[in-house]
Amino acid sequence: MASVPSLASTVQQRLADALSAALPEAGSVDPLLRRSDRADFQANGILALAKKLKGNPRELATQVVDALDAPDLLQEIEVSGPGFLNITITDRAIVETLAARAADDRLGVPYSEHAGTTVIDYAQPNVAKEMHVGHLRSAVIGAAMVEILEFTGEKVVRRHHIGDWGTQFGMLIQYLIEHPHELDHQGGEVSGEEAMSSLNRLYKASRAIFDSDEEFKARSRDRVVALQSGDPETLALWQRFVDESKIYFYSVFGKLDMEINDPDVVGESGYNDMLDDTCRMLEESGVAVRSEGALCVFFDDVKGADGKPTPLIVRKSNGGYGYAATDLSAIRDRVQNLGANTLLYVVDARQSLHFKMVFETARRAGWLNDQVKAVQLAFGTVLGADGKPFKTREGETVRLVDLLDEAVERATGVVRDKAEKVGLSEREITENGQYVGIGAIKYADLSTSAVRDYKFDLDQMVSLNGDTSVYLQYAYARIKSIIRKAGDTAPAAHPELPLAPAERALGLHLDRFAETLAEVASGYEPHKLASYLYQLASHLTTFYDQCQVLSDDNPAEVVENRLFLIDLTARTLHQGMALLGIRTPERL
């Protein structure tokens, strides 16, 4: 089905037509329509037009109103102040627009006219290392942006740039050669916890010997050389570490209710064959120059504390490659081989300078240009209740698995408290506890502007009150309960009925779903979708207070129309939450 124009866009078009008809000498004019507390919309564009035409703005506004003939759409237009137009929509137009949205599987959300190919780099854990709270935001924000962009018609290629290369592997591989059974498992399928336990044990044991035994340290360094030169035995053992780590990664992402596909995991090692060429191209084009034996890129606006330029080091003086060479090779691959128009990096804000330098280098080299852009979706830090970076009581970084398990445990308690009233089975309690707990963590993250830090407070996250995912999940479940109670009475739109103020407010907000998604997708701002959904649930609460849905005192068409409004609200909540990666149980 074709997309459904929003009421705002319809009013905007009618106003633009009236402006052209009333004031042909003005040419094309933007009415500057916005939401208003005084009416449904306010148009401010006539003030600028009056200045241009040297006319009286109130008189021009009156001429425009006289040229407007849209009784089906406009209930009232008032000329206010120096020449504003306060515009109120008819109840019929609201319900008819919502009915068109309800008739569409996509709720009237159009596909973007500017859809292209976006590569999203997110969820980037390190091989042989435990995932901690710092890995949460990239995974959650990145997964939401994947869903949102795909829903708007963008072709999205996922990339998980895992840390799977580096000098630490010399130590690990050498230890495994000398202790060949350390990664062996006794029978059956290996769990993520078991895989991480083996890796942790091996890491600590190898580190202890590395720090105390100079001969082992020397053998480890030789093993790094063997790894980098492609020695088959060394590469095979390195692959064991990668495979073992993936078992663990996938188990953690599974807890987060996120799907990670193996072909999308392309770590640092995936670009090894491109590093030489990348350096050669940068040097031959003059983008990179040699400085004290290293291959560097300099920037006029990047200086150290001593006032001297701080370069991006592409190749070190010892011939080794830094992160920059890998990141620049990844840009080449994503643009030239994957056909990306946009590269979106969901990466900690503390890496902003690095990526600013990498992107500028890629632009100078011609790999990024007016047709291909790179954007860092920078995110802030997860803080504890004390406002400092989130740590355990012992001062250790918090394990991500522990955090997720505790959230599910707390949420299951909240669900269990209400379970008897709803009649949930033990299986439903367990399932809903997972949906609520993981949803709580995701929503707390996504409802905060990505670049801001946020406090991790589980008590608040699983609260039934306030701006939480639980509040939205209960709003959805309550609607489903009412529709079940309605029995044979089906939701049906009745445009001929007048709307109560709470029905109007709910209807006008429902109509904003498509324009909200367009704004979220273009600005990479999932917190605006979370905010929209919370406002939707708040409008629903006011609606319940003022408008009884199932009542013998209501005529049948009023009941049907109110069922129609809450059914569309449920579908919008369900779709919006799904785009954020959050489940909405029907019974809660």
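**Entry 1. R14 and its partner**

I began at R14, which is partly exposed, with a relative accessible area of 30%. The model is a predicted one, and I kept that in mind for everything below. I asked which side chain R14 meets in a salt bridge. The partner is D72, with an N to O distance of 3.7 Å. I then looked up where the two residues sit: R14 is in helix α1 (residues 7-22), and D72 is in the loop between α3 (57-67) and β3 (74-80). The pair therefore ties together parts that are 58 residues apart in sequence. For D72 I noted a relative accessible area of 44%, so this residue is also in the partly exposed class.

**Entry 2. Other salt bridges**

I looked up the total, and the count of salt bridges comes to 37. As background, side chains of opposite charge can pair when their charged atoms come close.

I picked out D348 and R350, whose side chains meet at 2.7 Å, N to O.

K528 is partly exposed at 27% relative accessibility. E519 is partly exposed too, at 40%. Elsewhere I noted a network: E130, E193, R399 and D402 are joined by salt bridges that share partners.

I stepped back to the whole protein. I counted 20 helices and 13 strands. Along the principal axes, the C-alpha atoms fill a box of roughly 90 × 65 × 45 Å. Of the 588 residues, 52% are buried.

**Entry 3. Helix α5**

I took α5, residues 136-151, and compared its span with the expected one. From first C-alpha to last, its 16 residues reach 23 Å, close to the 22 Å expected at 1.5 Å a residue. I then asked how many residues of α5 are buried. The number is 14 of the 16, so the helix is largely enclosed by the rest of the structure. After α5 comes G153, and I read a positive phi near 105° there.

**Entry 4. Helix α20**

I repeated the check on α20, residues 556-579. This helix has 24 residues and spans 35 Å between its first and last C-alpha atoms, close to the expected 34 Å at 1.5 Å a residue. In α20, 17 of the 24 residues are buried, so I put this helix down as largely enclosed by the rest of the structure. Just after α20, G581 has a positive phi of about 85°.

I looked for positive phi in residues other than glycine and noted two cases. A123 is not a glycine, yet its phi is positive at about 50°. I located A123 in the loop between β5 (117-121) and α5. The relative accessible area of A123 is 2%, so this residue is buried.

The other case is Y524, with phi near 55°. I placed Y524 in the loop between α18 (513-523) and α19 (526-546). Y524 counts as buried because its relative accessibility is 12%, and the class takes values under 20%.

**Entry 5. A positive surface patch**

Which helices each supply at least two residues of the patch? They are α13 (400-422) and α16 (469-485). I noted that α16 gives the largest share, three residues. K418 is in helix α13. With a relative accessibility of 33%, K418 counts as partly exposed. For reference, an α-helix has 3.6 residues a turn, so residues three or four places apart point the same way.

Notes. Residues numbered from 1 in each chain as written. Predicted model: local features only at pLDDT ≥ 70, side-chain atom pairs only at ≥ 80, totals over all residues. Heavy atoms only, no water. Helix = DSSP H or I, 4+ residues; strand = E, 2+ residues; numbered from the N terminus. Expected span 1.5 Å × (residues − 1). Buried < 20%, exposed > 50% of the residue type's maximum accessible area, 1.4 Å probe, protein only. Salt bridge = Lys/Arg side-chain N within 4 Å of Asp/Glu carboxyl O.
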